[in-house]
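Reader: I have just opened this one and would like to go through it slowly. Could you take my questions as they come?

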Amino acid sequence: MIESPVMAYASDIQSFWAEPEVRFISGLSVGKIVLLVGGETGRVAVALASVSQRVHVVDDFGGDSPYGNTLIEFMKNLKRYRVLDQSVTHVGSMEKAVLAFDRSVFHVAVISGTKPLVMMDANASLFHAMVANHKCTLAVHTPSEDDYRLAAGFSTKPGFAIKKLSNCLHQIHYTRKGGE
């Protein structure tokens, strides 16, 4: 019998993500290839890398987070939790990183940060295609109610629906064929 991997919940790493949110998104990611946009200090990356086949993290780590520039801390945390080998870190913007991706390889995409919908709007066709055409689950995590209202706009596209999982975490599903 194959046992499920044990998720590493890094409570000592600063993050906007609460434990139930991390556990939920990790549950969706077991054995899958995951795209995480917004690495912060690494709490979610550690959890995802501990259960997924591989997690690709995209972040410019440029200091727009309340934690400042977090690249060094992020890498130290992945190494400390021994998940560095299960992750690939892409330093830069999503707009540039997407050029290198085969979007059909991702099973789960997680968009995290204080302004994820700005980034989603800039890459809307990519995320719609990932969710609709490739059966990818998309989750958006944001502490901003304004961004939640924008996320609800994503569900106005034909075939898409949004499910609020917590105050900050929302899952976007493709519900029927024929959407964009």
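Reader: Let me start with helix α1, then: which residues are exposed on the other side of α1?
Author: Those are Pro20 and Gly27, which are exposed on that other side of α1; please keep in mind throughout that this is a predicted model.

Reader: And which residues of α1 are buried?
Author: Helix α1 covers residues 19-29, and its buried residues are Glu21, Val22, Ile25, Ser26 and Ser29. They lie on the same side of α1, because the arc they cover around the axis is only 130 degrees.

Reader: Why do residues three or four places apart point the same way in an α-helix?
Author: An α-helix has 3.6 residues a turn, so residues with that spacing point the same way.

Reader: What follows α1?
Author: After α1 comes Gly31, and the phi of Gly31 is positive, near 70 degrees.

Reader: Changing topic, how many helices and strands does the protein have?
Author: There are seven helices and seven strands, and along the sequence they follow the pattern α-β-α-β-α-β-α-β-α-α-β-α-β-β. Of the 180 residues in the protein, 47% are buried.

Reader: How many aromatic pairs does the structure hold?
Author: It holds one aromatic pair, formed by Phe61 and Phe74, which is tilted, with 4.9 Å centre to centre and 50 degrees between the planes. Phe61 sits in the loop between β2 (54-59) and α3 (71-80), whereas Phe74 belongs to helix α3, so the pair ties together parts that are 13 residues apart in sequence.

Reader: Is Phe61 buried or exposed, and what about Phe74?
Author: Phe61 is buried, since its relative accessible area is 2%, and Phe74 is buried as well, with a relative accessible area of 0%.

Reader: Last one: which residue just after α3 takes a positive phi?
Author: That residue is Arg82, whose phi is about 60 degrees.

Key
Residues numbered from 1 in each chain as written. Predicted model: local features only at pLDDT ≥ 70, side-chain atom pairs only at ≥ 80, totals over all residues. Heavy atoms only, no water. Buried < 20%, exposed > 50% of the residue type's maximum accessible area, 1.4 Å probe, protein only. Helix = DSSP H or I, 4+ residues; strand = E, 2+ residues; numbered from the N terminus. Arc of directions from axis to C-beta. Phe/Tyr/Trp six-rings, centres within 6.5 Å; stacked < 30°, edge-to-face > 60°.
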